[in-house]
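These are my notebook entries on a structure that I opened for the first time. I set down what I looked up, entry by entry.

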Amino acid sequence: MSDTTPVAKVSEPTPSQMRAMLERMVVIRRTEEQLGADSRAGRLPGNVHLYIGQEAVAVGVCAHLADDDYITSNHRGHGHYIAKGGVPRELVAEVYGKRTGACRGLGGSMHVADLSKGMLGANGIVGGGIGIAAGAALAAQAAGRGQVAVAFFGDGAASEGVLSEVLNIAALWSLPLVLVCEHNLYSEFSPSATVTAGEIADRARPFGVPATRIDGNDLLAVWSAAGEAIARARNAGGPSFIEARTYRLRGHLEAEAGFIQTKYRTDEEVAAWVARDPIPAFAAALERRGLLEPGELAKTEAKVAQLVAEAVSFAATSDVPDMSFVEAARSVSAAGQGG
Amino acid sequence: MTQAINQAYLEEMERDPRLILFGEDVELSIFGDTRGLHARFGAARVRNTPISEAALTGMAVGAAMAGNPVICHLMFSNFLYTGFDAIANQAAKLRLMTGGQAQLPVTFVAAIGGGTSTAAQHSDTPYPLLMNLGGLQVVVPATPADAKGLLKSALRGLNPTVFLIPRTRGGVMGEVPEGDQLVPFGQARVHRSGGDVTVVAIGACVTHALAAAETLAAQNVAAEVVDPRTLAPLDEATIVASVRKTGRLIVVDEARDRCSAASHIAAVVADTAFASLRAPIRRITVPDTSLPYAPALERALMPDPAKIVAAALDLVAWSPTERSS
């Protein structure tokens, strides 16, 4: 399936890297389960679009990135935020609309960002992060320090025109850009097959951009493909495209039960993908290979449960922002001198 | 004015070696404003691009977020529309959405206005919608000196700015001060003082206002001509102070009348200087239609000195008892 140009083959992650990636996936999952419960209980000011089921993609890709590498994300951005090193309690506080949040409570779930970690933001506009990542890649290329930029987007965004425009420019300018399409089979509420012609990875090939389609629920497959693409970008080899096949185990957004009257996917389909959940699959693989001691996953779960509880407590007891936060974050002064 | 803009690019690109410029045909430069820059700074910093406005505006935002100052040249302002997501949804909002984390040293450049039979898709004056986005600085120079000084401020700033070049002003001559003269945003320029009527004019309309003021002076009507220079931020204080002195206001604006800069400025003055007004506020704008190709029709729809003179004489003669507004 892969037709990438050859670069130094990246071997396996080390056992400690694998355990760290497992833990990172668990942090994303449990944090989001908390936010989902908060949403369904009406405790959140806005909506949340959960990443549950897709964690292997963000974690497998971001394992190769440093703080000064860039990512852009989409409306389903909590996983990318945590995978890139964002602090979970600042994520929870942001979604709670508190001044201690990652964006001071001014952005919310769909706009979580941590620029100090190179996380340029989740984005509420489908495809909105693709051009931004390409621009960050241009800045990285100009800086000449081997930084890369990764755009995470879904199969729905693959139908936005900006993707074709960016593939063309990124290939022309040999930008250090990795385009990661998380094909989770649904474009909001429409089955992807009903709105998507052909294979998404094939959209990169006419531009001469190496493209590969992988199992996005297989952490090691993601890690390997991302390692190759990111190494190519770091070594001035230009852009790459990864289509990661995965599945959105939750709905488009948690509040959808309140306005959707007919099912748009079957219980059998969801159950089949629950059986392919990347977290238990990866944990079992590590145990089989003796890389995870019996009982170690339970310890990780307990540690993460504590972290999530602390994040909730931190967020719940934080103050809401006042209008001075808006004033401080304006990009046009109310009157007088700007610039 | 074209040369003044060219000088500003050149001086700022020399001053900041990270500053890059890209856009369609910027190497050749169809307006002349980017001429010579490619030869001077090379293909890495002055980049001809594909015709891909959605990607270009997005990339400008991304490069700026990553700390690289950038000029995104969009040629005609109508092409803002094909690249509008990254301008309206990203550039205008990212600083607020990220809680102030994002700095966006990005300047979008485009030419505005009719008057040269470029027809409806190459003659828009879209600053009203840019002013309304709540996160963009909007700059419209009227003189070569201001064009240079305002552009230099934009290129050194950390907030997203749209620099709109009045197309019919490209060949306008004027003194440009030597050296590093920056024009701050949010400070109007009073081009001519007068006590009878305030004429706030934007971009190319400043020339019409000054011509009208000459004609009016011959008829003993002293017009004060105020040029906001930046529409966001807007120097309300200078405009209001002028109206408090003259008691009469005409706003001349090449945008279409509905939700124009003129209607906004009229509202500001009505709110804050109502008691000073001795006559109704008059807006001289383009009616709510696209501009036609035929020169006589295009000219007839646009502001000109005669319309300003007529409005000023009307306001000076206006009396609540003798006529209705």
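**Entry 1: a sheet in chain B**

I began with an open sheet of five strands in chain B, whose order is S7-S9-S8-S11-S12 and whose pairing is mixed. I take two strands as paired if DSSP finds at least two bridges between them. Strands here are DSSP runs (E, at least two residues) and helices are such runs too (H or I, at least four), numbered from the N terminus. I noted strand S7 (189–192) and strand S12 (282–286) of chain B as the edge strands, each of which pairs on one side only. Neighbouring strands of this sheet are turned by 25° against each other on average, direction ignored; the axes are lines fitted to C-alpha atoms, for helices over the stretch in contact, and angles run from 0 to 180 degrees between N-to-C directions.

I then looked at one pair within chain B: strand S8 (residues 197–201) and strand S9 (residues 223–227) run parallel and are joined by four bridges. Val199(B) stands opposite Val225(B) in S9(B).

**Entry 2: the basis of the model**

I record that this is a predicted model, in which local features need pLDDT of at least 70, side-chain atom pairs count only at pLDDT 80 or more, and totals for chains, interfaces and linings use all residues. Residues are numbered from 1 along each chain as its sequence is written, while chains are lettered from A and ligands numbered from 1 in the order in which they are written. For chain B I found a mean pLDDT of 96, with 99% of its residues at 70 or more; pLDDT is the predictor's confidence in each residue, from 0 to 100. The model scores ipTM 0.93 and pTM 0.95.

**Entry 3: two domains**

The domain assignment of chain B gives domain 1 (2–169) and domain 2 (189–317); such bounds come from an automatic or database assignment. I read 27 Å between the C-alpha centres of domain 1 and domain 2 of chain B. Their contact takes 24 residues from domain 1 of chain B and 23 residues from domain 2 of chain B, where contact requires C-beta atoms, placed from the backbone, within 7 Å.

**Entry 4: chain B against chain A**

I found 47 residues of chain B in contact with 40 residues of chain A. The largest share of the side of chain B that touches chain A, ten residues, comes from H3(B).

Note on methods
Contact = placed C-beta atoms within 7 Å.
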